[in-house]
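Open the model in your viewer and keep the selection panel at hand.

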Amino acid sequence: AVAGAWATNVLLGGATNRAHVVPAALEGERLVSGTPHGDNVLPSLFGGLVLVSPLDPTRWRRLPIGGPVALAIVRPDITILTREARAMLPSKVALRDAARNAATLAMLVDAFRAGDLETVGRCIEDDRLVEPIRAKLVPSFGAIRRAAKEAGAFGCALTGSGPAMFAVCGNDVTARAVASAMHEVAGDGEVRSIVTHVDHKGARVTDLQRPGVVL
């Protein structure tokens, strides 16, 4: 959704202000998943960490991150449709779980600001509303999380609806070891794993005629 919206904007000589592209990116998300959620498309568009209003996805804030974040990601050979993963979620939740998630989110935001990756790792594993339900879609979920933690990750969680899982690590060396450990237990088939970092630039066009030049 973001790639199509941003590429079209560039081809048509559109505005360089990324906020101008938000409605088109959200519409692309709506066509794919059924609703114009901004939790995926806005971080992809703007880069970094983005907080999005669930009531109005055109209301958002970019949040500061107080240091580099190394990430190990593994994608098991499983197909999960976002639309179906959202349909699994209950319409009502227990008050104690909602309160705990709200507190955890506040702690997570401040931990990112402070660069406290140990707390970030604990927080991403403390979801009480969504991940316990969606984790059932990934048979190797428990094995991947255990492998990541044993290899040195601060925490490991599903990437939204999955099937990919990500682990927060302190540096590239640890991230490579974690990615390898996660890959080994991720199951059969075409398993993919990568080591990467938080991208702070967001969507951009690379000129293939001049590698490294971005618009």
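Which residues in α6 are buried? Select them: L117, T119, V120, G121, C123 and I124. Buried means under 20% relative accessible area, exposed over 50%, and partly exposed in between, with a 1.4 Å probe and protein chains only. Helices (H or I, at least four residues) and strands (E, at least two) are DSSP runs, numbered from the N terminus.

This is a predicted model: local features need pLDDT of at least 70, side-chain atom pairs count only at pLDDT 80 or more, and totals for chains, interfaces and linings use all residues. Residues are numbered from 1 along each chain as its sequence is written, and side-chain values use heavy atoms, with hydrogens and water left out.

**Stop 1: around α6.** Helix α6 is mostly covered, with 6 of its 8 residues buried.

**Stop 2: S161.** Go to the loop between β4 (155–158) and β5 (165–169); S161 sits there. S161 is buried, at a relative accessible area of 9%. Next, select I80, T82, A85 and R134. S161 is in contact with these four, leaving aside its neighbours within four places in sequence. Contact means heavy atoms within 4.5 Å.

**Stop 3: the second largest pocket.** Select A1, V2, G28, E29, V32, S33, N40, V41, S44 and T82, which line this pocket. On a 1 Å grid over the protein atoms alone, a cavity is a set of points where a 1.4 Å probe fits but cannot get out; a pocket is an open set with protein on both sides within 12 Å along at least five of seven lines, and lining residues have an atom within 4 Å of a point. The space in the pocket is about 170 Å³. Colour by element next. α2 (22–33) and α3 (41–46) each supply at least two lining residues. The largest share, 4 residues, comes from α2.

**Stop 4: the whole chain.** Zoom out. The protein chain has 9 helices and 6 strands. Its radius of gyration, taken over C-alpha atoms, is 18 Å, close to the 17 Å that the globule rule gives for 215 residues, so the chain is as compact as a globular protein of that length. That rule is 2.2 Å times the number of residues to the power 0.38. The C-alpha trace spans about 50 × 45 × 40 Å along its principal axes. Finally, colour by burial: buried residues make up 36% of the 215.

Definitions and conventions. Points joined across faces, edges and corners; volume = space filled by probe spheres on them.
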